[in-house]
Amino acid sequence: MEGRKLKDMFGTESKPGAEAEEGRIKMSQAGPVTETSSQPQDVAASARRAKTLEAKEVNLYYGDFHAVENVNMTIEPNKVTALIGSSGCGKTTFLRSLNRMHELTPGATVKGSIKLDGEDVYANGVDPVAVRSLIGMVFQQPNPFPTMSIYDNVAAGLNFNARKTSKSQKDEVVERSLRGAHLWDEVKDRLQRPGSGLSGGQQQRLCIARAISVNPEVILMDEPCSALDPIATARIESLMDELKQNYCIVIVTHSMQQAARVSQLTAFFHMGFLVEEGDTTDVFTAR
Ligand SMILES: Nc1ncnc2c1ncn2[C@@H]1O[C@H](COP(=O)(O)OP(=O)(O)OP(=O)(O)O)[C@@H](O)[C@H]1O
Ligand SMILES: [Mg+2]
């Protein structure tokens with residue numbers, strides 16, 4: 001993996017859909033542009049190695065306010081990493097810095113580096129939009145595009161492609177993504193109905209399908225179950241367990257039980273500092 005560039009990261013590794021992804025993130029003379037595959041991606045294919053995310057000396061600010069201080073952390077592939085800690089300690093801020101969403105807040109700044117398999121996502125010339133398709137995000141409140149159908153919600157990422165994706169290719173990606181999110185059987189007969197007409201748990205799985213439709217390496221989830229009932233929560237938790245075979249997952253949760261159930265690694269934040277991290281079993285049993 002060494003020496004590979006973020007902008008051509010997808011072109012060299014043998015993995016599902018790799019041949020379709022060559023040149024997925026490119027630089028043009030006019031500046032960086034994002035291209036997503038023109039071919040369907042095999043999101044439901046057999047296990048692959050996700051990428052390692054490494055945060056080094058990460059400091060995050062809102063204007064003058066220093067919200068996250070000097071965090072060093074390695075987020076390992078094919079594992080679920082839980083970020084825990086009391087309200088306001090910086091979990092969401094840190095999570096959003098991992099895929100360059102922090103900078104979308106006016107006045108917010110980032111110091112330090114975040115590397116995806118050795119490549120700094122904040123390096124000059126790296127397209128933040130491309131970073132966000134490699135490092136997808138699922139939010140606390142399910143946020144399907146309200147006026148779009150279930151089908152179009154999942155296909156939305158593909159619609160941003162520079163290249164055209166054919167209808168049959170889209171159909172395939174939509175089905176595979178919905179199957180990957182354990183939603184297909186519930187919606188296959190109403191794909192043209194609005195995504196906003198689904199239950200909260202279904203909407204969250206729709207958002208997960210949307211995130212995986214563009215074949216990311218990492219999925220960030222900010223309290224994805226906080227608006228869900230226990231049954232919908234259990235479905236998302238079992239889905240996370242399955243998704244980690246193909247993706248690196250980072251989840252923010254307020255529930256220690258959830259962190260213990262779903263994660264292999266836990267990072268404990270307190271007042272902007274990362275104060276403890278390690279194997280979940282060790283973190284929860286340490287005295
Ligand atoms: N847009 C913003 N502008 C200014 N300060 C902010 C902004 N967003 C968050 N903060 C501050 O940054 C700190 C960290 O907030 P953050 O949302 O990351 O906490 P959190 O750990 O996710 O909390 P919670 O568990 O309540 O979601 C808090 O002090 C918060 O008030
Ligand atoms: Mg938060």
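**View 1. Phe 284 sits in helix α9, residues 280-285.** Helices here are DSSP runs of H or I with at least four residues, strands are E runs of at least two, and both are numbered from the N terminus. This is a predicted model, where local features need pLDDT of at least 70, side-chain atom pairs count only at pLDDT 80 or more, and totals for chains, interfaces and linings use all residues. Residues are numbered from 1 along each chain as its sequence is written, while chains are lettered from A and ligands numbered from 1 in the order in which they are written. Why does Phe 284 count as partly exposed? Because it has 16 C-beta neighbours inside 10 Å; buried takes 20 or more other C-beta atoms within 10 Å, exposed 12 or fewer, and partly exposed is in between, with C-beta atoms placed from the backbone. Gln 257 is 27 residues away in sequence from Phe 284, and their C-alpha atoms are 9.9 Å apart.

**View 2. Here are the residues around ligand 1, among them Tyr 62, Phe 65, Lys 91 and Thr 105.** A residue belongs here if its C-beta atom, placed from the backbone, lies within 6 Å of the molecule.

**View 3. Helix α3 (residues 150-159) has buried residues including Ile 150, Val 154 and Leu 158.** Their cover includes α2 (128-134), α4 (167-180), α5 (184-187) and α6 (200-213). Contact means C-beta atoms, placed from the backbone, within 7 Å.

Methods
Two residues are in contact if their C-beta atoms, placed from the backbone, lie within 7 Å.
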